[in-house]
Amino acid sequence: MADMEATGDAAVSRVGRGDVTVALRVLQRMNLTPEDLVAAVAARTVPTFTELVPEVVEAMPAGSRRAYGSYVNKMTALWGSRRLDEVDPHDVRRFLSYVRETAQVRRSGVGGTGAERHAYHALSFVYRYAVDHELISVRQNVMRLVTAPAMGESRRYALSPQLVSDIMAAARSTGHDPVLDVLILRFHLETAARRGGALALRVCDLDPDQSLVRLREKNSTQRWQPVSPTLMEHLLHHARDRGARDEEDRVLRFANGAAVTPHHYNWLWKRLHKLVASARVSGISTHWLRHTTLTWVERNFGYAVARAYAGHAVPKSSQYGVTQVYVKAGLEEVAAALQALTGEPHPLALVSGSAGADDGSSPPPGPVRMGVGLIGRSSLCEWLREGIVEEGLVEQIRRLYEEADQAGKRRPGRKALARATGASVRRVEMAQVHINGSARLGWLDDLVERIRRLYEEADQAGKRRPGRGRLMAATGANQYRVTLAIAAINGVVRRPVSTAAGPGVSVGPPESPTVEMTSGAGRGRWR
């Protein structure tokens, strides 16, 4: 009775004391308490997971929806009919353990700790949304009583120069679009960008005058990152040649003009894993290239430059104290690191480094180390030029090809060439890339003329022009070659060139170092 009267004192400012006393006596006669009334009201207002989760998913940013989607589905399947206030800390811990134990096993995984952290953040997002919309009180947020799982130690490390060379050689010599694949890998090696930064790259994010690209990465962050003039040229011409016309168009595009999707990265690494055994065993992905570049930058230019190169935010507190806010690296220092990495002058790089090195980098602290996790002081140019094509092997393979052509036989395959020449399959692949790249213009010109004749015959007969399938049947060419020929006829894509030369990005010399922009209809357009 004393507790009831205390509750009545709290409400006396809104109603009379007599009314509160009468209400409390009525509750007592009905064998009820004020807490029972509060619980009944809560039961009517607090939603269940099935009711709330669709609304929460719709409110999530696109990146969070991709990352947390599967975990939100799991909690809905497990707790669908339960209200948010009916879940206690023990239930949450059991759910996180279940997610960790059922996580998909990957070569680069850390025992399910990543999945457990994602599940924790997904559940926190749901409860935070409920609190913000006043569906539950702060005290009803069970996630404030559960500690976030510790982050597992990453198994990624910097790749050795030889492994990077093998990966690049495999990308150059296989696939339907090796030019695009090598450009993607070179972009990530130079910029240390995340996959999302490359996929979101648009024409308006390219600054050829200062050789900068704007990266739009996770958490809606944006930053300007220096790139080499060579990479900038190829990005500009790649975008224009493959159909980019407006400033908002994506830069990385397929041969048919469509923008590259995340699935292409999955297929690219699936193919590279089949060709490079070390990449398959370690489960190497695009993010390993980020580790590789940042390790090199940190070893040569220090922690501050590496952090700026990676685009990491300056923490509010750390062992370095507030001093790190004043000594953070600037864009010029990042450009100097890139200049040393690629061996190409950059317009924003510092003229001279404080350490007195010619390339702006610090002198090596002792002998060059080439062990696991370090890439020494090699530049990207040195990495990518390690697979030099052997002219003698190229001549041997050409003679074998000529002999097969003269005898009217099918040209020998890669394994047959390796047996005939005594060279390894990898050396044969490099030689084949050199031979096929130098002859690629011939087959494209011939195919373009054949398709043009078929188009003219259809136009003269008043019929519909043949589609891709009929062109493949009529010419005997595969889908990739027919697609390139159609694009060349329509003026969308210029003919491909050799993928054997150049420091990594082997897409041939562009017509001009920059692409002029003219304003039309209120928006910049390619000239």
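1. The chain holds 23 helices and five strands, where helices (H or I, at least four residues) and strands (E, at least two) are DSSP runs numbered from the N terminus. This is a predicted model, in which local features need pLDDT of at least 70 and side-chain atom pairs count only at pLDDT 80 or more, while totals for chains, interfaces and linings use all residues. Residues are numbered from 1 along each chain as its sequence is written, and side-chain values use heavy atoms, with hydrogens and water left out.

2. Of the 527 residues in the chain, 43% are buried; buried means under 20% relative accessible area, exposed over 50%, and partly exposed in between, with a 1.4 Å probe and protein chains only. The chain exposes about 28200 Å², of which carbon and sulfur atoms supply 51%; accessible areas come from the Shrake-Rupley method with a 1.4 Å probe, and for residues only the protein chains shown count as cover. Among the contacts in the chain with a separation of 6 or more, 64% are accounted for by residues 24 or more positions apart, a contact being heavy atoms within 4.5 Å.

3. An open sheet of three strands has the order β1-β2-β3, with antiparallel pairing; two strands pair if DSSP finds at least two bridges between them. Its edge strands are β1 (206–207) and β3 (221–226), each of which pairs on one side only. Helix α17 (residues 331–342) packs on the sheet, where it touches β2 and β3, and its direction makes about 50 degrees with that of β3; the axes are lines fitted to C-alpha atoms, for helices over the stretch in contact, and angles run from 0 to 180 degrees between N-to-C directions.

4. The pairing of β1 with strand β2 (residues 212–217) is antiparallel and runs over two bridges: L206 has V213 as its bridge partner in β2, and D207 stands opposite L212. The hairpin of β1 and β2 has four residues between the strands, and S211 in this hairpin takes a positive phi near 55 degrees.

5. β2 and β3 also run antiparallel and are joined by six bridges; here L215 stands opposite R223, and L212 stands opposite P226. In the hairpin of β2 and β3, with three residues between the strands, N219 takes a positive phi near 60 degrees.

6. Six of the six residues of β2 are buried, so the strand is largely enclosed by the rest of the structure. In a regular strand the side chains alternate between the two faces of the sheet.

7. The largest nonpolar core has 31 residues, and those with the most contacts inside it are F49, M75, L84, V92, L123 and Y127; a nonpolar core is a set of buried Ala, Val, Leu, Ile, Met, Phe, Trp, Tyr and Cys residues joined through side-chain atoms within 4.5 Å. Two or more residues are given to this core by each of α4 (49–59), α5 (62–79), α6 (89–101) and α7 (113–132), and α7 gives the most, with 10 residues. Not counting residues up to four places away in sequence, V92 touches W79, V87, L123, V142, M143 and V146. A second, separate core of 23 residues includes L183, L199, L235 and A239.

8. The 20 residues of α7 should span 28 Å at 1.5 Å a residue, and its end C-alpha atoms are 28 Å apart, which agrees; the expected span is 1.5 Å times one less than the number of residues in the helix. α7 is followed by E134, whose phi is positive, near 60 degrees. For helix α23 (residues 479–490), the 12 residues should span 16 Å, and the end C-alpha atoms are 16 Å apart, which again agrees. The buried residues of α23 are Y480, V482, T483, L484, A485, I486, A487 and I489.

9. A279 lies in helix α13 (residues 277–282) and counts as buried because its relative accessibility is 0%. It touches L163, H273 and I284, not counting residues up to four places away in sequence. The C-alpha atoms of A279 and I167 are separated by 7.9 Å, although these residues are 112 residues apart along the chain.
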